[in-house]
Amino acid sequence: MFDIRGFGDQLWAGTLVTIELALASLLLGLVLGLLGATARLSGNRVARTISTAYTTVIRGIPELLTVLIIYFGATTVLMSVASMFGYDEYIEVGPFAAGVVALGLTFGAYASEVFRGAIQAIPKGQQEAGLAIGMTPLKIFWRITMPQLWRLALPGLGNLFLVLLKDTALVSVVGLHDIMLKTRDAVSYTKEPFLFYMAAAFIYLTLTIISMVFIHYMEKRNNRWVGRA
Amino acid sequence: MDFSVVIEYFPRLMQGALTTLELVLISGIIGSVLALPIGLARHSRRLWLRAIPYCYIFFFRGTPLLVQIFLVYYGLAQFEEVKNSSLWPYLREPYWCAIIAFSLNTAAYTAEILRGALAAVPKGEVEAAKTIGMRQVQLYRRIMLPRAFGMIMPAYGNEVILMLKGSALASTITLLDLTGMARTIIARTYTPIEIFLAAGGIYLVISMVIIMLFRQLERRQNRHLQPIAVRG
């Protein structure tokens with residue numbers, strides 16, 4: 001592949017870490033987003049309040065701060081919980097795990113708004129029809145809401161994934177060896193910061209373009225039966 | 001948890017918040033001034049005029065802000081020409097590097113918002129303006145831009161919030177903005193949860209003020225679209 005000043009392998013390794021982080025955060029974020037949207041639309045007042053507070057707080061504070069809070073806070077919280085059960089050893093939360101949680105939380109907060117919009121866009125009569133023929137609420141969600149949700153939410157989720165991909169760079173601040181840190185290593189060795197940060201920028205651009213193509217393909221595939229008689 | 005540290009260091013946090021606001025305000029102003037020609041060029045019918053801003057916008061929206069900051073702060077020092085130029089005293093300062101990176105970044109996002117709004121101006125209004133003989137400049141100054149400004153307000157409000165959150169990255173190049181100040185305090189007191197949560201609270205308050213401000217601005221810009229109150 002590409003090889004700049006002998007650092008091609010290192011940058012490639014960093015790229016893989018970035019991709020892993022993005023995909024793991026996406027998975028956690030999708031689950032949190034679905035839970036958030038369901039809680040927001042439920043009849044339960046407590047669930048609604050928690051969901052609203054979650055989305056408001058996460059969307060109002062910088063992603064970098066979320067990463068820092070999770071990275072430094074998780075250790076403290078986990079250790080105090082563990083000491084309640086009589087475990088007093090030092091517990092360390094690695095940058096990767098902290099990054100997945102922080103970015104997953106962020107993605108989930110925005111995704112819950114996308115899912116909420118999508119759920120509301122599904123005609124209510126379909127749910128009522130499901131109820132009328134005796135489906136349980138869970139079955140209605142699984143058989144009626146879920147399959148359509150995916151199609152309606154995809155454009156919004158695609159945009160969020162592009163944002164998530166760029167936010168992965170923030171986890172390098174707490175020491176994850178992703179593209180950014182590998183680039184920094186290369187810079188401190190070669191003293192060519194512009195060259196290497198430009199290379200990093202183009203790696204991110206390439207990842208963005210690949211994601212855009214993939215999202216476009218998925219959208220087309222999802223809508224293949226829409227608009228035809 | 002011990003929240004007395006928060007009270008003790010609150011003045012320092014506010015000092016950091018002030019730097020954050022300063023960064024957002026200055027780069028917001030520079031960014032929107034830059035965005036106007038870029039957005040107009042992006043809306044042009046000529047392909048070559050549209051292509052340049054397209055590449056600019058694609059680069060700045062497709063790469064992380066952190067890379068852009070590092071490119072300006074660390075990257076420019078690679079060139080001897082830059083180091084020997086009269087601008088070096090500024091380009092050496094993390095403060096101005098952050099302002100440059102944030103301005104270029106927000107200009108790209110704002111230009112794209114502006115393009116969307118210009119494309120959404122109702123066709124009939126443009127045709128009407130042309131029919132009564134307005135020239136291109138008049139058309140833009142009297143019809144297109146005022147209409148577009150009314151439409152971009154909600155989206156631009158979001159962009160300002162994103163800029164506020166992005167400004168936390170200034171702490172990575174040693175600036176003492178709200179996040180940077182929080183990290184400095186934590187290095188001394190080792191109370192990460194308390195101080196970071198306090199900083200998060202301040203960010204939340206600033207976001208809410210910005211949201212309210214833009215709601216007011218939007219109402220003002222679109223006041224001609226409000227239904228007229230009938231007085232009896």
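An axis here is a line fitted to C-alpha atoms, for helices over the stretch in contact, and angles run from 0 to 180 degrees between N-to-C directions. Helices themselves are DSSP runs (H or I, at least four residues), numbered from the N terminus. The model is predicted, so local features need pLDDT of at least 70 and side-chain atom pairs count only at pLDDT 80 or more, while totals for chains, interfaces and linings use all residues. Residues are numbered from 1 along each chain as its sequence is written, and chains are lettered from A and ligands numbered from 1 in the order in which they are written.

Let's start in chain B. Helix 3 (residues 65-73) of chain B packs against helix 6 (residues 94-119) of chain B at an angle of about 135°, and their axes are 9 Å apart. That makes the two helices oblique to each other, because angles under 35 degrees count as roughly parallel, over 145 as roughly antiparallel, 65 to 115 as roughly perpendicular and the rest as oblique. Among the residues making this contact are L65(B) and Y73(B) of helix 3 and P94(B) and N105(B) of helix 6; two residues are in contact if their C-beta atoms, placed from the backbone, lie within 7 Å.

Now over to chain A. Helix 1 (residues 8-41) and helix 4 (residues 95-121) of chain A pack at about 40°, with axes 5 Å apart. Helix 1 of chain A is therefore oblique to helix 4 of chain A.

Finally, look at where the chains meet. Here 28 residues of chain A are in contact with 27 residues of chain B. Helix 8 of chain A gives the largest share of chain A's side, 9 residues.
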